[in-house]
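I set out to look up an annotated site in this structure and to note down what surrounds it.

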Amino acid sequence: MRLRGRKGIRESLEEQTDLVILDPRSLKGRWSELFGNDHPIHVEFGMGKGQFISQMSFKYPDINFIGVDMYDELIRRAAEKARLVWEPAGHETPPNLKVALANINYAEEVFAPGELERIYLNFSDPWPKSKHARRRLTHPRFLDKYRGLLSPLGEIHLKTDSRSLFEFSLNAFADYGLQMKNISLDLHADGIINEEHVMTEYETKFYGRGVNIHRCEAIVGSEALARYQAGRLDKYRL
């Protein structure tokens, strides 16, 4: 993926220390300290232009959000989007959001064990060729990382338009021993959507074209699993 950024983009990012994190490794184990509270931390790996993470931070002020991407230009766009989302509320800087420049391959160098409560994987590169399977963000080598980073309440939320990636992910979650819930092959037709649902840029585009959106949630943390198992039959009771 090649992105043509604006001239002086790195200098601009360096000036936005209130929102942009260019050295996230230095904050490993100290993200709550940075936010100034002990609220849950939700991270989107591969946030793109930042529509999803920005709107989520606005809708859920009692959760801390971190958007991660590896391209300067996407960090710039996400920071710009975040400020626009929060501007009507009188906030120049989103109080519960940071955007971080990092490579997901080294996520364990950015976050400490148990530091995260939720990981979002939205429209990740499907890497359709079999020889590239290890690059898919739901490959077991990444699931190993996520398990280490997630708290006892930890979950992974996946959305994609790629049927092949979705099938691969479901099998990877199952092989890894993760309980899945809210599985949908056509999110917008299954009635799971509600007024609190937030769409990414890709989702908005694909939905407008009539493309099916696939979604599921994988339970990673022991406490999250216990809560799910305690209430799993409630929806079948009349």
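In which helix does glutamate 201 lie? I find glutamate 201 in helix α7, which covers residues 201-208; helices here are DSSP runs (H or I, at least four residues), numbered from the N terminus. I keep in mind that this is a predicted model, in which local features need pLDDT of at least 70 and side-chain atom pairs count only at pLDDT 80 or more, while totals for chains, interfaces and linings use all residues. Residues are numbered from 1 along each chain as its sequence is written, and side-chain values use heavy atoms, with hydrogens and water left out.

I looked up the record next: an unreviewed UniProt entry lists Lys129, Asp161, Thr200, Glu201, Tyr202 and Glu203 under "binding site". These residues spread over 75 residues of sequence and are spread in space too, up to 24.8 Å between C-alpha atoms. I note that such annotations may be inferred rather than shown by experiment.

I then checked glutamate 201, which counts as partly exposed because its relative accessibility is 22% (buried is under 20%, exposed over 50%, partly exposed in between, with a 1.4 Å probe and protein chains only). Its side chain reaches the backbone nitrogen of glutamine 51 at 2.9 Å.

Is glutamate 203 buried or exposed? I record glutamate 203, also placed in helix α7, as buried because its relative accessibility is 0%. Setting aside neighbours within four places in sequence, glutamate 203 is in contact (heavy atoms within 4.5 Å) with residues including Phe123, Lys159 and His188.

How values were computed
Helix = DSSP H or I, 4+ residues; strand = E, 2+ residues; numbered from the N terminus. Polar contact = N/O pair within 3.5 Å; in protein donor to acceptor, adjacent residues only side chain to side chain.
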